[in-house]
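Dear colleague,

I am passing on the structure below, together with some notes on what was found in it. Please read the notes with the model open beside them.

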Amino acid sequence: MAKKICIANQKGGVGKTTTAVNLAASLAAAEKRTLLVDMDPQGNAGSGVGIDKGGLAESVYDAIINDADPASLVIPTDLAFLELLPSTTDLAGAELELVVTEGREWKLKQALSRLDDRYDYILIDCPPSLGLLTVNAMTAADSVLIPLQCEYYAMEGLSQIIKTIKLVQKGLNPALGIEGILLTMYDGRNNLARQVSEEIRGHFKDLAFETVIPRNVRLSEAPSHGRPIILYDITSKGAVTYMELAKELMEREARNG
Ligand code: ADP
Ligand code: MG
């Protein structure tokens, strides 16, 4: 059975997609069979691994709305062990179409259950909202990884997503856990960033990953080359820290059984 992690935060630009792409690539580099599911209509996770949504006839949309076989929608990437279940712009309409669909919160879970035994990890990149697409991802997942930028309103944003996680736990997915809070785009020279990171660690303790992703220009360049950071510049600080994150995640898992 695959471990399914959804990467969510209702705020845009906090590093969700960067984390989904590069954590997935790092797990694949460790020879873990990994599926990256792009649940954002923008399709940035797909372009991050070199697959442009414009050229695709079908996507995860067809799996959740038209009950298409998800196995037929999966695309290989340049990295062995890493495959993509892509998004297309159709997915923007799914948010509304799902409203009138029976079992609307369960559609992604149903689709992924057909792929479960093919992978060690399934990572789901969520759109920047807590709407039905994200609720589908949380219902399908074992845990939520929350990327967080160390800025002024970080704590408030965090309590909002935790409220959503609790709602999902109550009705839809009691076993949903929090994989961890990941500080992203960190700049240790910035006082506020240091303060926020201390506050998060003080409050959430071990729930915050030890690994912190620094602000790193190579990470922001890699998507325009359609490459995860380990294929773009493996010596960069960004590549090293995402590989450390994969290691931390695997070690935590081994510890917790
Ligand atoms: P989200 O998916 O939450 O909207 P992204 O992962 O797309 O966020 O990141 C937003 C922008 O910040 C992108 O342009 C991305 O390349 C850039 N970015 C993400 N993480 C870093 C980082 N650690 N250092 C520098 N730039 C980053
Ligand atoms: Mg994104």
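A residue counts as buried if 20 or more other C-beta atoms lie within 10 Å of its own, as exposed if 12 or fewer do, and as partly exposed in between, with C-beta atoms placed from the backbone. By that rule Met 185 is buried, because it has 21 C-beta neighbours inside 10 Å.

This is a predicted model, in which local features need pLDDT of at least 70 and side-chain atom pairs count only at pLDDT 80 or more, while totals for chains, interfaces and linings use all residues. Residues are numbered from 1 along each chain as its sequence is written, and chains are lettered from A and ligands numbered from 1 in the order in which they are written.

Met 185 has a positive phi of about 50° although it is not a glycine, and its place is in the loop between β7 (177–184) and α8 (191–204); helices (H or I, at least four residues) and strands (E, at least two) are DSSP runs, numbered from the N terminus. Phe 81, in the loop between β3 (75–76) and β4 (82–85), likewise is a residue other than glycine with a positive phi, near 75°. Phe 81 counts as buried because 20 C-beta neighbours lie inside 10 Å.

Strand β7 itself holds Gly 180 and Leu 183. Gly 180 is buried, with 22 other C-beta atoms within 10 Å, and Leu 183 is buried with 22 C-beta neighbours inside 10 Å. Two residues are in contact if their C-beta atoms, placed from the backbone, lie within 7 Å. Leaving aside neighbours within four places in sequence, Gly 180 is in contact with Leu 145, Leu 207, Ala 208 and Phe 209, whereas the contacts of Leu 183, with such neighbours again left aside, are Leu 148, Cys 150, Ser 197, Ile 200, Ala 208, Val 212 and Ile 213. Gly 180 and Leu 249 are 69 residues apart in sequence, yet their C-alpha atoms are 9.0 Å apart in space.

Turning to the helices, α1 (residues 16–29) and α11 (residues 237–256) pack at an angle of about 65°, with their axes 8 Å apart; axes are lines fitted to C-alpha atoms, for helices over the stretch in contact, and angles run from 0 to 180 degrees between N-to-C directions. That makes α1 roughly perpendicular to α11, since angles of 65 to 115 degrees count as roughly perpendicular, those under 35 as roughly parallel, those over 145 as roughly antiparallel and the rest as oblique. The contact is made by Asn 22, Leu 23, Ser 26 and Leu 27 of α1 and by Tyr 242, Met 243, Leu 245 and Ala 246 of α11.

A nonpolar core is a set of buried Ala, Val, Leu, Ile, Met, Phe, Trp, Tyr and Cys residues joined through C-beta atoms within 7 Å. The largest one here has 81 residues, and among the members that touch the most others are Cys 6, Ala 24 and Met 138. Helix α1 gives the most to this core, with 8 residues. Cys 6 touches Ile 124, Cys 126, Ala 137, Met 138, Ala 141 and Val 144, not counting residues up to four places away in sequence.

Finally, Gln 169 in helix α7 (residues 154–171) is partly exposed, with 15 other C-beta atoms within 10 Å.

With best regards
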